Amino acid sequence: TLIEQCSLAYTSSLTSAAVDVYCMGKPVVTILNSSVLNLSPLKDYKGVTFVINSEELVQAINRVTSQKQTDHQGKDFFYIDRKLTRWEKVLSMIEL
């Protein structure tokens with residue numbers, strides 16, 4: 001895929017596409033607007049760098065491209081339970 005060919009992703013703070021790249025183990029650099037709230041779904045996640053200007057972007061790209069890809073990155077982003085135990089618990093509380 002295209003993501004596999006990339007060494008990093010540069011995203012806006014409003015896109016969920018950053019999550020796709022993050023879960024594939026790629027570093028993410030996200031541009032922020034310093035006058036608005038950070039609505040990134042990756043706020044506070046390791047492997048994600050936030051920048052507000054071109055100087056920080058250059059520093060982030062240089063730093064991120066020298067890091068190794070982490071295969072386990074994003075594995076805990078989604079709660080996946082094949083047995084659906086949480087759904088069963090919720091549904092058991094509903095009276096039909």
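## Loop, strands and cores in a predicted model

Asp 44 is exposed, with a relative accessible area of 69%. Residues are numbered from 1 along each chain as its sequence is written, and side-chain values use heavy atoms, with hydrogens and water left out.

### The β2-β3 loop

Asp 44 sits in the loop between β2 and β3. Helices (H or I, at least four residues) and strands (E, at least two) are DSSP runs, numbered from the N terminus. β2 covers 28-31 and β3 covers 48-51.

Which residue meets Asp 44 in a salt bridge? The partner is Lys 43, at 3.3 Å, N to O. A salt bridge is a side-chain nitrogen of Lys or Arg within 4 Å of a carboxyl oxygen of Asp or Glu. By this rule the model has one salt bridge. Side chains of opposite charge can pair when their charged atoms come close. Lys 43 is partly exposed, at 41% relative accessible area.

Ser 34, Ser 40 and Tyr 45 also belong to this loop. Their accessibilities are set out below.

| Residue | Relative accessibility | Class |
|---|---|---|
| Ser 34 | 65% | exposed |
| Ser 40 | 8% | buried |
| Tyr 45 | 32% | partly exposed |

Is Ser 40 buried or exposed? Ser 40 counts as buried because its relative accessibility is 8%, under the 20% limit. A polar atom of the Ser 40 side chain lies 3.0 Å from the backbone nitrogen of Leu 42. A polar contact is a pair of N or O atoms within 3.5 Å; within protein, one must be able to donate a hydrogen and the other to accept it, and residues adjacent in sequence count only if both atoms are side-chain atoms. Ser 40 also touches Ser 13 and Phe 50, leaving out residues up to four places away in sequence. Contact means heavy atoms within 4.5 Å.

Tyr 45 and Gly 74 are 29 residues apart in sequence, and their C-alpha atoms are 8.9 Å apart. Ser 34 and Ile 61 are 27 residues apart along the chain, with 19 Å between their C-alpha atoms.

### Strand pairing

Strand β1 (residues 9-12) and β2 pair in the parallel sense over four bridges. Two strands pair if DSSP finds at least two bridges between them. Ser 12 has Ile 31 of β2 as its bridge partner. β2 and β3 also run parallel, joined by four bridges. Here Val 28 has Val 48 of β3 as its bridge partner.

β1, α2 and β2 form a right-handed β-α-β unit. A crossover is right-handed if, with the strands pointing away from the viewer, the path from the first strand over the helix to the second runs clockwise.

Thr 30 is in strand β2. Thr 30 is buried, at 0% relative accessible area. Outside the four places on either side in sequence, its contacts are Thr 11, Ser 12, Ser 13, Val 48, Thr 49, Phe 50 and Val 51.

### Nonpolar cores

How many residues does the largest nonpolar core have? There are eight: Ala 9, Ala 18, Val 19, Val 21, Tyr 22, Val 28, Leu 42 and Val 48. Helix α2 (residues 17-23) gives the largest share of this core, four residues. Another core, of six residues, lies apart from it and includes Leu 8, Val 51, Ala 60 and Val 64. A nonpolar core is a set of buried Ala, Val, Leu, Ile, Met, Phe, Trp, Tyr and Cys residues joined through side-chain atoms within 4.5 Å.

Val 21 touches Ile 3, Ala 9, Lys 26, Pro 27 and Val 28, not counting residues up to four places away in sequence.

### Positive phi values

Most residues other than glycine have a negative phi. Asp 44 has a positive phi, near 75°. Leu 84 is not a glycine either, and its phi is positive at about 55°. Leu 84 lies in the loop between α3 (54-65) and α4 (85-92). At 47% relative accessibility, Leu 84 counts as partly exposed.

Definitions and conventions: This is a predicted model: local features need pLDDT of at least 70, side-chain atom pairs count only at pLDDT 80 or more; totals for chains, interfaces and linings use all residues. Buried means under 20% relative accessible area, exposed over 50%, partly exposed in between (1.4 Å probe, protein chains only).
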